[in-house]
Every structure is written in C-alpha cells, then in structure tokens.
Amino acid sequence: MPWEGFTMHWFVDFFRDKLLWAAILNTVIIAIGVICLSIPIGLAGAFLLTNMQSRTRSLVYSIMISPILTPGVIIGISTLIFWDNFGVPGGIFLAIIGQTTFIASFCMLLVMARLQRFDKSLEEAAFDLGAGHLQVFWRITIPFLMPSILSATLIAFLLSIDNFNTTLFVIGTETTMTLAIASKVRLGLTPMINAFSVFFIVFTIIAAIVYGIYRQKEAKKALVH
Amino acid sequence: MADIFKLTKRYGKIITAFILLISVVWVMGMIVTPQILMVEYSFWHSDEHVRHEAWVEIDELNAHLNTIYAEIEEREQKSVTTGTVENENRLKELRLELATGESKLEELGKTAHFPPRVYGLKNYVHLGGHDLHRNVLLKTILASVFVTLIALMVCYPVAYYLAQVASKQTAALLFLGLIIPYIVSEILRAYAWFMLLAYQGTINTLLMKTGIIADPINFMGGSWGIVVGMTYAYILFMVFPIYNSLENLDRNQIDAAKDLGAEWWRVHWRIAIPHSKPGIATGCILTFMLAAGTFAIPVILGGPDTIWFTQIIYSWFFDGGNWNQGAAYAFVLLSVCIGFVLLMLKIFKVRVEEAIK
C-alpha cells in the first residue's frame with residue numbers, strides 16, 4: 001500500500017481490540033503459572049543432579065534435559081494425550097503444564113551452573129555453628145542461588161510468552177498473545193500487527209535492559225566481596 | 001541409594017523428600033509417561049467397523065423406540081378416557097421395552113464413541129503409503145539439514161570472530177545486536193522477513209524503484225522464503241554454543257600454529273574446529289530440532305503449496321480428529337530428531353552432558 005503519512009490510527013486500533021487484550025491476559029496468567037512451577041522443579045532437579053554420583057546420573061540428566069531436545073509440538077501432543085485420559089481438555093492449565101515441561105529444563109541448567117560453584121564449607125560452617133537443615137537451606141543455599149533463580153525467572157517468562165509450538169496443541173479454545181499475532185499475520189498484512197509488534201519489542205527490550213543492569217550490579221558486587 | 005543418603009545428610013529429610021517428590025513428578029508425570037502414552041496411542045486405532053455397526057444399530061433402535069413412544073402416548077390418552085385392563089397391561093409392557101431399549105442405546109453410544117482398540121502398525125503403514133505425506137516428511141528433513149548447514153557456515157566465522165578476534169567491547173556490542181532480535185518472538189522475526197520478501201514488500205519495492213527489476217519477484221513461492229526465515233530465526237542457537245566452546249581456546253595454540261607456518265585454513269581445520277566440536281554438535285542439534293519442529297515459519301513465509309510435516313500432524317489432531325494417526329506422525333518426527341541427535345553425538349564424539357550444559 002502506498003505511504004501516505006504517519007498515523008496513530010493502528011495503535012488506537014490495537015488498544016481497542018478486546019480479543020487481543022484477552023489473549024494478553026491469558027499470556028500473563030500462563031507465564032506466572034509457568035514461573036511458579038518451573039522454578040521449584042528446576043531447583044529440585046539441580047539439587048538432585050549435583051548430589052548424584054552414580055551411573056544413574058547420566059540417565060537422569062539425559063531425561064531431564066530431553067525436553068530441550070524435543071520439538072515443541074511433540075511436548076504439546078504428549079501433554080494433550082496424557083491429560084485427555086483424565087478428562088482434562090486443552091486450555092490455560094494444560095498450556096502451563098506443557099510449557100513447564102521444557103522451561104523447567106532451562107531453569108534447572110541455569111540453577112545447576114551456579115550450584116556447582118557453591119562452596120560447601122559455607123554449609124559446613126553453618127552446621128558447626130548449630131544451624132539446622134532448613135535454616136542452612138533458607139539462609140545460605142537459597143540466597144547463594146538467588147541470582148540464578150532470578151535469571152531463570154526472566155528466561156522462563158520470556159520463553160513462556162514467546163511459545164508457539166507447544167501452546168498451539170494444548171491451548172484448546174483459548175488463545176494467547178503469540179497465537180493471536182500468528183493468526184493475524186496469517187490472515188494478512190494489517191499495520192495493526194506492526195503497531196502491536198512495536199509495543200511488544202519495546203516491552204521486551206526494556207525488560208532485557210533492566211535484566212542487564214541487574215546483572216552488571218551483581219557482577220560488581222561479586223568483585224567487591 | 002547412596003545418592004539419596006547423601007542428599008538427606010546434606011539437606012535433611014524434609015527438603016530431600018521435596019526434592020525427590022518434585023523430581024519424580026516432573027520426570028515421570030510430565031516427561032516420561034506422556035511420551036510413552038503418545039507412543040502407545042500411535043500403535044492402535046479404533047475399530048471403525050464396530051463403530052459403524054454401532055451407529056447403524058443406534059439408528060434402527062432409535063426408529064423402533066420412536067414407534068414405541070408414539071404408541072405409549074396414544075395408549076396413555078386412552079387410559080384417561082376409556083381405561084381397559086388390556087390397555088393397561090400393554091402400557092406396562094411398552095414401558096418396560098422402552099426402558100430396556102434406552103439402556104441398550106446408552107451402551108451402543110459408548111461403543112460408537114469409544115470403539116474397541118485394534119493394536120497394530122496401521123498408522124505407520126498409512127504414512128508409508130501416502131505419497132504426499134511421505135514427500136512432505138522427506139522435504140522437511142532435507143530442508144532442516146540444509147538450514148542447519150547454512151547456519152553452521154554462517155555462524156562458525158561469526159563465533160570465531162566474537163571469541164578470538166574481536167575486542168571485549170566490540171564483542172559485547174555485537175552480542176547485544178545478536179540477542180535483541182531473539183528476545184522478540186519467533187513469529188515477529190518471521191513476520192519481519194515476510195514484510196521484506198512479500199510480493200509488494202520492501203525488497204521488491206526497492207529493486208523496482210531503483211530500476212533493477214521491472215516486475216516484482218515472487219520470493220515466497222517455494223521453500224526459499226522458509227529457508228531464509230529459519231536460518232535467520234535460529235542463528236543464535238548456533239552462534240552461542242560454538243562461541244562458548246571457542247571462548248576457552250588458548251590463543252597461544254593458534255599463535256604457535258601460525259609461527260610454525262600453518263596456513264589460516266589449517267589453523268581452523270586442525271585447532272579451532274576440533275576444539276569447538278561440542279559447540280558445533282550442540283548448535284547443529286538445536287538448529288535441526290527447531291527447524292524440523294517449526295510450525296509458524298512455514299505458515300507465514302511459505303507459499304500456498306509448501307507445507308511442513310508439523311502442519312500435517314496438526315491437521316490430524318484438530319481437523320481430522322484422528323489422534324492415533326497424529327501420534328504416529330509425531331513419533332516419526334520425534335524419532336527423526338532423536339536419530340539426528342545420536343548421529344551428531346557420534347560424528348563429533350561428544351557425550352550428552354558435554355553437548356547440553
């Protein structure tokens with residue numbers, strides 16, 4: 001189409017699109033659900049693997065990272081079939097479960113990378129001073145892992161809102177932001193998608209910059225100590 | 001067992017219980033069992049013959065029940081006006097028949113909706129015998145290998161430059177440029193290429209304005225739009241692993257090789273490439289898996305007759321309503337990906353633990 005000048009018309013259109021706002025709400029709910037499940041799972045997996053030495057470790061490790069190496073559509077399909085046996089149809093709940101299956105693997109890798117650098121003498125010192133297991137866990141281990149937990153949260157959020165392949169199979173009659181954009185793109189070129197993209201890109205870049213600044217601060221802190 | 005003992009000693013019983021519980025739920029409930037169930041689904045199909053018979057019987061029974069129902073109504077009216085003993089008895093009989101008929105209808109309905117399972121290879125035989133589907137599968141695999149090779153050729157020099165040549169500042173800036181498009185979703189990345197490559201898109205408009213071409217070129221007619229879009233979309237998954245493995249390559253090794261008179265290609269062939277093997281393996285595995293399993297990019301960037309294998313799987317589930325057939329197709333795709341992973345690990349002699357960190 002010929003260029004006739006600048007307009008805010010498409011942005012107005014985008015803000016008025018109720019369906020798109022419903023999709024955004026779904027996306028946020030799913031992302032929060034995924035974070036709430038993926039972080040504990042990632043932590044548990046990382047603790048288990050870091051403390052395993054036997055030959056089974058290799059097997060458990062392979063299974064735990066296999067969702068990263070599996071195409072997203074396969075994860076969606078297997079989740080859909082599994083829950084169909086319990087009479088659970090596709091929807092927001094299944095989207096959370098399906099996405100968590102592989103996002104938890106990423107969280108586990110991030111946490112494990114930091115857990116491997118953990119100085120065990122910190123724990124031992126705390127035990128010697130009479131701390132209990134729970135106390136050591138909450139006061140020493142978790143604070144040490146905090147930067148990686150925050151990284152994992154952000155990564156989980158970004159992976160969740162971007163996800164298309166897995167969500168497509170498990171979302172049922174609902175929709176998410178990424179699916180809504182895809183279907184609009186499929187239907188044809190309307191500048192409203194571009195308006196939305198601008199909004200989306202600005203949002204993600206701001207999130208990335210905030211994360212970058214946080215990382216730098218952490219790095220400086222680490223240097224000081 | 002020794003591992004669990006170690007866990008309890010380090011974290012105490014409560015936390016160990018949580019760690020084990022959550023891990024088991026994830027591994028068994030979300031990864032292993034669903035996959036096994038999907039494979040199980042792919043090896044059976046509903047007995048269509050029994051289903052058909054059930055429907056025929058349902059139709060007949062429905063017609064029969066309707067006549068009974070009509071007669072009951074008739075006789076009920078009669079019993080209000082002129083009630084005879086014979087009429088009442090017949091009414092009782094009819095009501096009994098209606099009740100048994102209805103319970104039989106319910107049973108038939110169950111058979112019609114969930115006919116008995118027949119185990120066998122029917123779903124796989126169907127894929128083997130379907131020319132279009134088999135071709136789409138082959139094309140998907142070939143195009144994915146092609147995308148992986150292009151991405152490798154583009155990304156190795158970039159990763160080498162970032163890891164060994166560029167200064168810290170330049171590398172950081174380049175990384176930012178590489179990462180920013182990746183925070184934005186895959187759909188929008190494909191959409192950006194769509195706007196560039198479209199018939200009335202940016203590239204055609206530019207070429208026509210500058211007078212290089214007279215008529216717009218149809219970039220997206222075949223698979224080329226898809227290949228370009230995918231290579232762009234997955235480059236980071238190739239650059240990062242290779243960069244990671246090249247980063248800890250000691251520069252002295254390269255300098256020593258150069259001092260001893262090795263040409264630039266020999267430095268790469270004998271030192272840099274062997275050192276970055278785990279990274280190359282990881283990059284190839286991720287790129288191939290993403291390319292073979294993509295859904296959105298072929299839809300957005302493909303022509304009307306370029307379909308991807310994932311689209312066929314989708315239509316089995318949501319247009320055809322045959323989940324068993326879809327599960328078989330999905331398992332074929334999964335097997336192809338697993339095969340590729342094993343091939344890469346073997347070629348580059350890498351273990352899984354080294355490849356995915």
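This is a predicted model: local features need pLDDT of at least 70, side-chain atom pairs count only at pLDDT 80 or more; totals for chains, interfaces and linings use all residues.
1. Contact here means heavy atoms within 4.5 Å. By that criterion B:I313 touches A:I77, A:F169, B:G326, B:Y329, B:A330 and B:L333, when residues up to four places away in sequence are not counted.

2. As background, nonpolar side chains tend to be buried together in soluble globular proteins.

3. Chain A has ten helices and zero strands. Read from the N terminus, its elements run α-α-α-α-α-α-α-α-α-α. The C-alpha trace of chain A spans about 75 × 50 × 25 Å along its principal axes. Of the contacts in chain A with a separation of 6 or more, 76% are between residues 24 or more positions apart.

4. Chain A has 225 residues, and 48% of them are buried. The chain exposes about 11,200 Å², with 69% of that supplied by carbon and sulfur atoms. On the charged side chains, chain A carries 14 positive and 11 negative ones. The centres of these two sets lie 5 Å apart.

5. The area buried between the two chains is about 5,900 Å², and carbon and sulfur atoms give 75% of it. On the chain B side, B:R10, B:W26 and B:I183 supply 13% of the area that this chain buries against chain A, more than any other three residues. The size of an interface is often given as the accessible area lost when the parts come together.

6. A:T101 is found in helix α5 of chain A, residues 92–115. Is A:T101 buried or exposed? Its relative accessibility is 3%, so A:T101 counts as buried, the cut-off being under 20%. Beyond residues up to four places away in sequence, A:T101 touches A:P67 and A:I75 in chain A, and B:W26, B:M30 and B:I31 in chain B. B:W26 was already named above for the area it buries against chain A.

7. B:V118 sits in strand β2 of chain B, residues 117–119. B:V118 counts as partly exposed because its relative accessibility is 29%, which falls between the limits of 20% and 50%. Apart from neighbours within four places in sequence, B:V118 is in contact with B:F43, B:W44, B:H45 and B:D47. From B:V118 to B:P157 is 39 residues in sequence and 54 Å in space, C-alpha to C-alpha.

8. B:K349 deserves a look at its backbone. This residue is not a glycine, yet it has a positive phi of about 50 degrees. Most residues other than glycine have a negative phi. B:K349 lies in the loop of chain B between α15 (323–347) and α16 (352–355). With 68% relative accessibility, B:K349 counts as exposed.

Key:
Residues are numbered from 1 along each chain as its sequence is written. Chains are lettered from A and ligands numbered from 1 in the order in which they are written. Side-chain values use heavy atoms; hydrogens and water are left out. Helices (H or I, at least four residues) and strands (E, at least two) are DSSP runs, numbered from the N terminus. Buried means under 20% relative accessible area, exposed over 50%, partly exposed in between (1.4 Å probe, protein chains only). Accessible areas come from the Shrake-Rupley method with a 1.4 Å probe; for residues, only the protein chains shown count as cover. Lys and Arg count as positive and Asp and Glu as negative; His and the chain ends are not counted. The place of a charge is taken as NZ of Lys, CZ of Arg, CG of Asp or CD of Glu. Buried area is the accessible area (1.4 Å probe) that two parts lose on being put together, summed over both.
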